[in-house]
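Here is a friendly walk through the domains, the chain-to-chain contacts and the nonpolar cores. Have a look at the structure first, and then read on.

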Amino acid sequence: MPMLEVKHLVVEYPGPVRALDGLDLTLRRGEIVCLLGANGAGKTTLLKTLCGLVLPKEGEIRWETPNGQRPRLGVLLEGSRAFYWNLTGWENAAYFAALKGLPEDSLDEHLEELFQLVGLWEARNRLAGDYSSGMKKRLSLLIALLGKPDLLLLDEPTAGMDRVSVVEFEEYLHRIVQEEGIGILCATHLLSFAFTVASRMVYLEKGKLKDWEWSSLFGRHRRAVFLLAGEIPQKTAEQYKPYLQDFGQGRWQLEGATDDKTIFKALEELIVEQDLDLLQIYGVD
Amino acid sequence: MNVQAVLKAEMRRVLVTQRRYWFSTLTNLIVFGVVSVGSWVALRKAFFKGEGIYAASAALLWPLVLAAFNTASGELKEDIKLGTIEQIYLSAPSVLRLLHLRSLVSFLESLAFTTPMLLIGGYYLGWATLGRWMVVQVVPLWMSLYGLGLVIAGLLLVYRRLGSLTNLLGMVVMALAVITLPTQGAWVWLRHLFPMVGASAMSGWPEGWWLRYVAAALYLFVGAWVFRRLEAKAKRLGLIGKY
């Protein structure tokens with residue numbers, strides 16, 4: 001049974017602009033759904049509508065939780081202004097924990113766990129305004145994770161993060177999904193991140209969801225380039241030789257025409273079966 | 001919403017900020033004291049024909065008026081400016097209730113600021129007079145101005161550019177609070193309907209003074225209702241979180 005079911009969601013902004021145009025979506029417990037799409041496709045609007053910041057004109061949002069109530073939501077929206085700059089990281093977390101109604105008796109323990117998790121434990125008593133942009137992002141994430149949410153809504157969570165932090169974050173998402181069984185809906189432009197964490201990817205275009213298709217990713221680009229990291233067995237490397245270039249030290253480039261299905265078959269095999277990391281994707285003319 | 005926990009968190013936030021920026025807090029206290037004494041002297045000569053009792057209450061009133069009117073709109077304006085408004089909406093089950101609690105904390109904060117002046121005022125005017133003034137004038141004034149402030153806060157969610165007008169409106173309500181109104185005839189009853197006007201008068205117990213509380217509660221109720229309507233409009237237009 002899906003924990004979230006969205007039916008025919010319509011959101012209209014003055015203009016009028018149909019930001020969401022009859023959108024349907026389901027999300028199950030333990031699932032990470034990555035939401036891809038161009039700027040202005042409606043990704044942020046969808047997340048804001050789900051968390052109640054935007055009211056839909058039409059449609060239905062149904063939550064399936066054991067008690068039939070709306071699940072505890074953890075929300076990280078784009079931007080790093082989710083806290084008070086004149087308070088420390090710890091003071092911010094404690095303040096928002098109180099607003100979220102978390103019990104005070106176990107709060108210190110919970111906050112310590114989260115600060116360790118996002119790697120801000122050492123900086124917890126520094127003013128949030130003095131944090132670097134990556135640290136601000138991590139503090140925003142920590143606030144989203146307060147109270148162990150049932151459903152995480154993430155909008156460009158890796159923006160501003162360095163590669164090491166992105167990898168740690170990917171591992172963390174996998175862990176909380178496995179351990180806590182939560183659901184995650186994540187809007188991102190970072191395809192390597194989406195490929196690594198997603199159990200399902202959907203593509204948003206003009207306010208409607210489409211099933212994932214490679215063609216929707218590259219638009220007008222005629223060639224696609226993928227940078228990969230990891231070990232490829234000799235046999236597989238031979239199989240995809242015309243497309244693969246070995247950069248050494250476990251770095252590979254996979255390149256081919258966007259209308260050539262082999263390149264995408266190779267990519268899926270390398271990522272899913274050979275467990276390579278996808279570092280970067282871009283389209284070229 | 002756990003009212004007690006949120007109230008505590010709000011008080012902690014205010015205290016931490018006041019302590020962290022102690023020099024600014026100290027400066028504000030000094031400025032407050034100087035302006036209060038200065039306005040008492042000036043108002044006494046200019047408007048109250050040497051009646052110190054009116055001028056003293058006017059001098060004590062201004063910080064309370066500003067705090068009451070500005071709490072809701074000022075807090076939201078600050079959150080809109082800082083960009084924390086979305087987080088507030090995501091964390092607090094009801095922003096309106098959060099504003100009520102913030103108003104209470106703000107009232108206590110402004111009382112702490114005015115305490116030295118209130119002590120001087122009480123000594124100078126008499127404790128009974130001061131207490132009566134608080135009951136008859138100050139509390140209904142606070143409630144009604146907070147209600148009007150909620151309307152402004154709601155408008156701010158929809159019309160961001162109104163933010164710069166709130167300071168001007170603050171001056172207007174301050175002026176209205178200290179003007180003197182006739183205390184005879186129909187005015188006695190009429191002024192009960194507008195607890196935010198002419199609240200500097202420190203008279204006895206005017207006839208039907210409790211009506212001020214009824215009127216104040218009405219302003220509060222209407223303010224909350226308008227705020228909710230405008231909040232829903234802001235959500236429909238996708239304006240929450242637009243900086």
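## Domains, contacts and cores

Chain A is assigned domain 1 (1–72 + 149–212), domain 2 (85–147) and domain 3 (219–284), with bounds that come from an automatic or database domain assignment. This is a predicted model, in which local features need pLDDT of at least 70, side-chain atom pairs count only at pLDDT 80 or more, and totals for chains, interfaces and linings use all residues. Residues are numbered from 1 along each chain as its sequence is written, while chains are lettered from A and ligands numbered from 1 in the order in which they are written.

The centres of domain 1 and domain 3 of chain A, taken over C-alpha atoms, are 27 Å apart. Contacts (C-beta atoms, placed from the backbone, within 7 Å) are listed here:

| Side one | Side two |
|---|---|
| domain 1 of chain A: four residues | domain 3 of chain A: six residues |
| chain B: 25 residues | chain A: 26 residues |

On the side of chain B that touches chain A, helix 1 of chain B gives the most, with seven residues. Helices here are DSSP runs (H or I, at least four residues), numbered from the N terminus.

What about the cores? A nonpolar core is a set of buried Ala, Val, Leu, Ile, Met, Phe, Trp, Tyr and Cys residues joined through C-beta atoms within 7 Å; buried means that 20 or more other C-beta atoms lie within 10 Å of a residue's own. The largest nonpolar core has 124 residues, and helix 6 (residues 127–158) of chain B gives the most to this core, with 16 residues.

How values were computed: Helix = DSSP H or I, 4+ residues; strand = E, 2+ residues; numbered from the N terminus. Buried ≥ 20, exposed ≤ 12 C-beta atoms within 10 Å, placed from the backbone.
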